Amino acid sequence: MKPIITASELVSELAGARPPVLLDVRWELGGPPGRPAYEAGHLPGAVYVDLDAELAGPPGAGGRHPLPDVAAFGATMRRAGVSADTPVVVYDGGLGWSAARAWWLLRWTGHQDVRVLDGGLAVWPGELSQEVPRPEPGDFVPVPGALGLLDADGAGALAGAGLLLDARAAERYRGDVEPIDLVGGHIPGAVSAPTTENVDGEGRFLPAEALAARFSALGAIADKEVAVYCGSGVSGAHEVLALELAGIPAALYAGSWSEWSRDPARPVAKGPDPE
């Protein structure tokens with residue numbers, strides 16, 4: 001199943017016999033909370049899910065957005081009306097990062113039918129609602145392991161044996177600036193692959209052929225294991241989704257740079273991509 005859905009496709013499915021559950025996961029790094037924006041207007045029937053509180057565990061040694069407790073995540077999804085056999089569509093304000101985080105978590109824990117609204121709320125053609133729905137509880141029980149997941153040791157090893165993509169901005173990869181985490185730079189052997197280059201000027205994913213060409217040029221070739229990390233496992237999920245669109249399976253290092261850089265024993269590289 002294609003991991004994204006267009007606004008016109010969503011309009012059609014919502015009017016059909018099997019409408020998807022809608023999850024609003026608006027969030028911005030360093031920005032205002034998403035709930036007030038949700039309450040001001042959201043897709044009719046959408047349930048708000050908080051990235052910091054419900055799609056991540058408490059920040060700490062595991063990074064700024066470690067994976068949530070699996071049982072707690074399952075309870076959140078059931079509260080939102082998610083069942084094992086119901087389609088789910090996730091959206092955010094348009095950047096796609098937080099929507100991709102929810103997509104990745106659902107896919108990783110075994111849900112088979114979950115898609116991201118390509119372009120987010122900005123592309124929605126209909127009216128917005130301020131009504132907060134109270135859906136019937138779903139029955140989804142998460143079972144982790146359906147997608148690839150790496151820890152810090154696995155990410156470091158893959159950087160030498162396969163292809164580890166760094167989804168952050170290029171200047172953070174190089175270590176020119178580091179506005180968030182403790183140390184600037186990147187995991188030695190990782191290749192810079194900013195998430196922003198996966199989308200067009202309106203935040204929609206590039207065509208699959210263009211994404212495949214991009215990742216091939218970065219070294220994603222047949223039989224090479226691929227994984228992604230970012231700052232805290234959010235934009236990296238967006239890159240995993242882009243790789244799936246391109247037909248390339250990829251694992252996520254969820255702790256990402258915010259975990260790696262907390263450990264002074266782990267090596268740090270700076271500068272441009274390795275030759």
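1. Helix H4 first. The cover over its buried residues includes strand E2 (21–24), helix H3 (51–54) and helix H5 (97–108). Here, contact means heavy atoms within 4.5 Å. Buried means under 20% relative accessible area, exposed over 50%, and partly exposed in between (1.4 Å probe, protein chains only). Helices (H or I, at least four residues) and strands (E, at least two) are DSSP runs, numbered from the N terminus.

2. A word on the source. This is a predicted model, where local features need pLDDT of at least 70, side-chain atom pairs count only at pLDDT 80 or more, and totals for chains, interfaces and linings use all residues. Residues are numbered from 1 along each chain as its sequence is written, and side-chain values use heavy atoms, with hydrogens and water left out.

3. Which residues of H4 are buried? H4 spans residues 70–79, and its buried residues are Phe73, Gly74, Thr76 and Met77. Viewed down the axis of H4, they fall within an arc of 160°, so they line one face of the helix. The arc is that of the directions from the helix axis to the C-beta atoms. An α-helix has 3.6 residues a turn, so residues three or four places apart point the same way.

4. Now the ends of H4. Asp69 caps the N-terminal end: one of its side-chain oxygens lies 3.1 Å from the backbone nitrogen of Ala71. Just after H4, Gly81 has a positive phi of about 95°.

5. Next, Arg26. Arg26 sits in the loop between E2 and helix H2 (34–40). Is Arg26 buried or exposed? Its relative accessibility is 10%, so Arg26 counts as buried. Its side chain makes a polar contact with the side chain of Asp24, at 2.7 Å. A polar contact is a pair of N or O atoms within 3.5 Å; within protein, one must be able to donate a hydrogen and the other to accept it, and residues adjacent in sequence count only if both atoms are side-chain atoms. A polar atom of the Arg26 side chain also lies 2.8 Å from the backbone oxygen of Gly41. Not counting residues up to four places away in sequence, Arg26 touches several others, among them Tyr38, His42, Tyr91 and Leu121.

6. Last, two phi values to look at. Most residues other than glycine have a negative phi. Asp223 is not a glycine, yet its phi is positive, about 70°. Asp223 lies in the loop between helix H8 (208–217) and strand E9 (226–229). Asp223 is exposed, with a relative accessible area of 85%.

7. Ser256 also has a positive phi, near 55°. Ser256 lies in helix H10 (residues 256–260). Ser256 is buried, with a relative accessible area of 0%.
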